Amino acid sequence: MDERTPRYRAFADLTHDQQDNLLAEVYARGASLAELSRLTGLSYSWLRRRLLKAGVELRSRPGPRESPVPAEILVEEYRAGASILALAEKYGLYYKRVREILLREGVELRPSTRAKPEDG
């Protein structure tokens with residue numbers, strides 16, 4: 001794996017318990033789940049389940065970063081008629097992020113104006 005990894009034979013050659021012990025040890029030395037996933041070829045969710053089952057206390061994930069645009073500006077512009085998509089494009093944010101900020105600020109969202117399939 002890397003300098004945090006003890007020297008073992010190939011990961012796939014280890015027993016399931018040995019793999020879990022190695023994963024727990026490397027995680028405890030500071031490797032992230034994403035790093036372990038890349039190194040072992042196991043999915044992030046599979047690694048997470050295996051570490052939890054092995055009794056490893058997982059580190060918390062960092063919370064969402066604050067928006068580079070003050071929420072008040074997004075709220076003001078949305079209430080003035082700008083769409084979520086227009087705000088996202090204007091400020092270089094993801095649509096979902098703008099929507100989450102507006103909802104967190106208690107804004108009642110307008111119905112979507114995206115084309116809907118015709119009934120018929």
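**Helix packing and a pocket**

A: The axes of helix α1 (residues 16-28) and α3 cross at roughly 95° and come within 10 Å of each other. This model is a predicted one.

Q: In what terms is a pair of packed helices described?

A: Two packed helices are described by the angle between their axes and by the distance between those axes. For α1 and α3, the angle falls in the range of 65 to 115 degrees that counts as roughly perpendicular, and the two helices are therefore roughly perpendicular to each other.

Q: Which residues of α1 and α3 meet?

A: On the α1 side they are H16, Q19, D20, L23, A24 and Y27, and these meet L47, R50 and L51 in α3. By class, this contact of α1 with α3 has five nonpolar, two polar and two charged residues.

Q: How do helix α2 and helix α3 pack?

A: Helix α2 (residues 33-40) packs with helix α3 (residues 44-53) at an angle of about 110°, and their axes are 9 Å apart. That angle makes α2 roughly perpendicular to α3. The crossing of α2 and α3 is right-handed. From α2, the residues L33, A34, L36, S37 and T40 make the contact, together with Y44, L47, R48 and L51 from α3. Six nonpolar, two polar and one charged residues form this contact of α2 with α3.

Q: What is the angle between α4 and α5, and what is the hand of their crossing?

A: Helix α4 (residues 71-79) and α5 pack at about 135°, with their axes 10 Å apart. The two are therefore oblique to each other. The crossing in which α4 passes α5 is right-handed. I73, L74, E77 and Y78 of α4 make the contact with I84, L87, K90 and Y91 of α5. The residues of this contact divide into six nonpolar, no polar and two charged.

Q: Turning to empty space, how is it found?

A: A probe the size of a water molecule is rolled over the atoms, and this shows where empty space is left. In this model, the largest pocket holds about 280 Å³ of space.

Q: Which residues line the largest pocket?

A: Twelve residues line the largest pocket, and I84, Y95, P111, S112 and T113 lie nearest its centre. Helices α5 (84-91) and α6 (95-104) each supply at least two residues of the lining.

Q: How do the residues of that lining divide by class?

A: The lining of the largest pocket divides into six nonpolar, three polar and three charged residues.

Technical notes:
Residues numbered from 1 in each chain as written. Predicted model: local features only at pLDDT ≥ 70, side-chain atom pairs only at ≥ 80, totals over all residues. Heavy atoms only, no water. 1 Å grid on protein atoms, 1.4 Å probe; cavity = no way out; pocket = protein on both sides within 12 Å on 5 of 7 lines; lining within 4 Å. Points joined across faces, edges and corners; volume = space filled by probe spheres on them. Helix = DSSP H or I, 4+ residues; strand = E, 2+ residues; numbered from the N terminus. Nonpolar A, V, L, I, M, F, W, Y, C, P; charged D, E, K, R; others polar. Axes fitted to C-alpha atoms, helices over the stretch in contact; angles between N-to-C directions. Parallel < 35°, antiparallel > 145°, perpendicular 65-115°, else oblique. Left-handed = near helix turned anticlockwise from the far one by under 90°. Contact = heavy atoms within 4.5 Å.
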